[in-house]
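Trainee: Could we go through this model together? I would like to start with the surface and then move on to the charged pairs.

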Amino acid sequence: MRRPMPLGPQLLALQALIVLSAVVIAGVAAVSLQQRQIRQAYGDQMVAVARNAATLPDVVEAYEQPGGPGDDLQDLATLLQQASQVSFVVFLDRDGIRLSHPDPSLIGSPSTTSAAEVLRGEEFLGTQTGTLGPSLRAKVPVRDASGRILGAVSVGIVESELADDFTEDVPWLAAWLGGAAVLGSVGSYLLTRLVRRRIMGLEPDEIARLLQAREAMLHGIREGVLAVDERGRVVLVNDEACRLLDLDSGHGDDGGGVVGSPAAGVLDPAALALLEADDDAVDAPLLVGERVLLASRTPALVHGRRVGRVLTVRDRTELSGAVRELDGQRSLTTTLRAQAHEFSNHLHVLRGLLELGRTADAAALIDRLGGGGRLLSGAGLGAVEDPSVSALLMAKAALARERGAELVVVPATRVPAGAGEDVLTVLGNLVDNALDAAGQGGRVLVDVRGEPGGPWRVVVDDDGPGVPAPLREEVFRVGVTTKDGGDGRHGQGIGLALVARVAARRGGSAAVGTSPLGGARFEVVLGGGSSSPSSSGQLAGAGA
């Protein structure tokens, strides 16, 4: 297969062809214009000389002499020819007979070119062939004082002299055109080098392959990638970033509607703030809508100079959901194993008392153990029919027991099957925050009520330190936390913001107040409707 010509020689040849074509066209036009201007200048000169000759008093007097002009017109014609630097000045009588001529032997012979129209009073300018060869000539009638035509005068210059005059200008014109061609060629060479340097010496097919490979990799990876330039405009975004950051790609899945737009106009405020921060960020938690992401920000460098910033995002919700479920199962398993060991010990004691015949002591032991084996205090899980909510409460109860706290489900709780992901998200985050606030020996009350497809009310009380009044509005913002040493990073300051966004989407509300237990009371109301698909797998338990 024949290898195509490299890009550099192609560009140079194409530009040289363009320059040379332009020079040739310009040269032909210049030559034609110069020739036309020379002929026009000489034509104007011939007409002026002929008119001046026809109106000279000496010429009119020579025509009016009784015996004819004689040699006077020949002398005047010779003088005018030398003074005007023309090839000839010929006077004619009314019959077209020459009265003067550069060749005296032709005086008295008829003119070889027609002068009939001039003798009728018209003027003539054009090229005719006479005894001296082709010439550009002007013919003007000679009139007396009364306007009567006495004859005609013909003034001309041979074409060979016009050609010689034009030829004198050709070398200068050729020199200018040659210089323009050389400068154009040098410019084409320098431009070719500049283009090659700007494209890193790559050939068009190599650039096409690199672009195809970049597009395939960019839109094939599972991480979202978004880049902005120094002016704050989006220059690159893949389909995963459009999905995770809730961007409207506009043209398919390639981000065509986002590229070129100001980042401030398309990005979520939290994502924009992270992108515009001065320091680098690695796996920083980011809440976009109701999706929890891990975001990293790095500068985009070209030859050591920063040309923009790159934001990469990964979806944390599915991973967090899996980790939360695994932790819940692990906690529940540990708790059940401890309870099984405890009940085994109680059974051994009970068997020993029966074998000793101490039935009264055995009955007393049974009475003492009557309520000791429940995971949950209060109403338990009898009114919690939804399996997901039931599993979540059991896991949180096991976690509370490990921390030395108590989780109580109030008797009024009613959770029918079909609670949905939104209820799980809200309940999980509120319970985790309450357990953190209550600490060891603390107490947490849970009250959940609602119907599938209808409104829900989730209330969680704790006996912790509570939320200060100035922070009760701010606590639902991203990055705001009341935990000791909390700075809004590493997942803190996201849980309650997620709860507020879920409530807002469902047309409800989220509020915090003072609990009867002395700590904080979080009350969330979810309006009617089902969970949106985007909320599936959200983080239930991010720190507040």
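Trainee: Which helix is Val186 found in?

Mentor: Val186 lies in helix 5, which spans residues 159-198; helices here are DSSP runs of H or I with at least four residues, strands are runs of E with at least two, and both are numbered from the N terminus. Before we go on, note that this is a predicted model, in which local features need pLDDT of at least 70 and side-chain atom pairs count only at pLDDT 80 or more, while totals for chains, interfaces and linings use all residues. Residues are numbered from 1 along each chain as its sequence is written, and side-chain values use heavy atoms, with hydrogens and water left out.

Trainee: Is Val186 buried or partly exposed?

Mentor: Val186 counts as partly exposed, because its relative accessibility is 44%, where buried means under 20%, exposed over 50% and partly exposed in between, with a 1.4 Å probe and protein chains only.

Trainee: And which residues make the nonpolar surface patch?

Mentor: Leu12, Val182, Val186, Tyr189 and Leu190 make a nonpolar patch of about 430 Å², and helix 5 gives the largest share, four residues. Patch residues have over 30% relative accessible area and no salt bridge, with nonpolar side chains (Val, Leu, Ile, Met, Phe, Trp, Tyr) joined within 5 Å and like charges within 9 Å; the areas come from the Shrake-Rupley method with a 1.4 Å probe, and for residues only the protein chains shown count as cover.

Trainee: Switching to charges, how many salt bridges does the structure hold?

Mentor: There are 17 salt bridges, each being a side-chain nitrogen of Lys or Arg within 4 Å of a carboxyl oxygen of Asp or Glu. One of them joins Lys396 and Asp432 at 2.7 Å, N to O. That pair links distant parts of the chain, with Lys396 in helix 12 (residues 387-402) and Asp432 in helix 13 (residues 421-438), 36 residues apart.

Trainee: Are Lys396 and Asp432 buried or exposed?

Mentor: Lys396 is buried, with a relative accessible area of 8%, and Asp432 counts as buried at 12%.

Trainee: What about Arg449 and Asp447?

Mentor: Their side chains form a salt bridge at 3.0 Å, N to O; Arg449 is partly exposed at 38% relative accessible area, whereas Asp447 is buried at 9%. Both belong to a salt-bridge network that also includes Arg457 and Glu523.
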